[in-house]
Amino acid sequence: MSFADRIAAARTSGDYNTLIDGIPYFHWLGLRAEEKDGELITVLPFQDMLIGNPMLPALHGGVTGAFLESAAIMSLMARMQTNQVPKIINITIEYLRPGGPTDSFAAGIVTRQGRRVANVRAEAWQDDRNHPIAAASAHFLMA
């Protein structure tokens with residue numbers, strides 16, 4: 001099954017975990033997708049290897065950034081009209097508070113989708129969605 005077929009099938013079935021299985025880095029991070037109240041939530045289950053500062057302990061900033069980018073891509077693939085994987089143009093990460101040693105959640109909102117470029121805002125949280133640990137603004141090329 002091609003990746004374009006996976007995107008189409010995921011959009012039809014609502015099960016986006018098949019996309020995660022098709023992207024090695026997403027799979028290695030252990031990401032999974034859940035739909036809650038009509039919103040696609042990307043989940044990063046806690047693993048010891050994700051800790052960047054063992055003194056706190058806190059999630060590594062690179063992991064947090066990659067998680068936000070992944071959530072933005074997942075949200076965009078769920079809503080776009082083509083079966084192509086979007087390509088990142090740029091991303092800006094706002095680190096708001098340390099991520100602790102627990103599961104993390106993220107959701108992306110497509111703020112603009114044109115024929116060539118899409119803008120996505122993503123937020124990551126742990127225990128309380130009203131207290132995000134990080135946020136991102138990303139621009140993607142729609143190939």
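Predicted model: local features only at pLDDT ≥ 70, side-chain atom pairs only at ≥ 80, totals over all residues.
**Close-up 1**

**Close-up 2. Strand 7 meets strand 6.** Look now at G108, whose bridge partner in strand 7 is A122. Strand 6 covers residues 104-113 and pairs with strand 7 in the antiparallel sense, over eight bridges. Together, strand 6 and strand 7 make a hairpin, with three residues between them.

**Close-up 3. The largest nonpolar core.** Here we have a set of 36 residues, and Y16, M74 and M77 are the ones with the most contacts inside it. Several elements each supply at least two residues of this core, among them helix 1 (3-13), helix 2 (17-22), strand 2 (39-44), strand 7 (117-125) and strand 8 (134-141). Helix 4 gives the most, with ten residues.

**Close-up 4. Who surrounds Y16?** Set aside the neighbours within four places in sequence, and Y16 is in contact with A10, R11, A33, E35, L40, M74 and A78. Y16 and M74 both turn up again in the list of residues with the most contacts inside the largest nonpolar core.

**Close-up 5. N53 in strand 3.** Strand 3 takes in residues 51-53, and N53 is part of that strand. Is N53 buried, exposed or partly exposed? Its relative accessible area is 31%, so N53 counts as partly exposed: buried would call for under 20%, and exposed for over 50%. N53 and P98 sit 45 residues apart along the chain, and their C-alpha atoms are separated by 9.8 Å.

Terms used:
Residues numbered from 1 in each chain as written. Heavy atoms only, no water. Helix = DSSP H or I, 4+ residues; strand = E, 2+ residues; numbered from the N terminus. Buried < 20%, exposed > 50% of the residue type's maximum accessible area, 1.4 Å probe, protein only. Core = buried A, V, L, I, M, F, W, Y, C linked by side-chain atoms within 4.5 Å. Contact = heavy atoms within 4.5 Å. Pairing = 2+ DSSP bridges.
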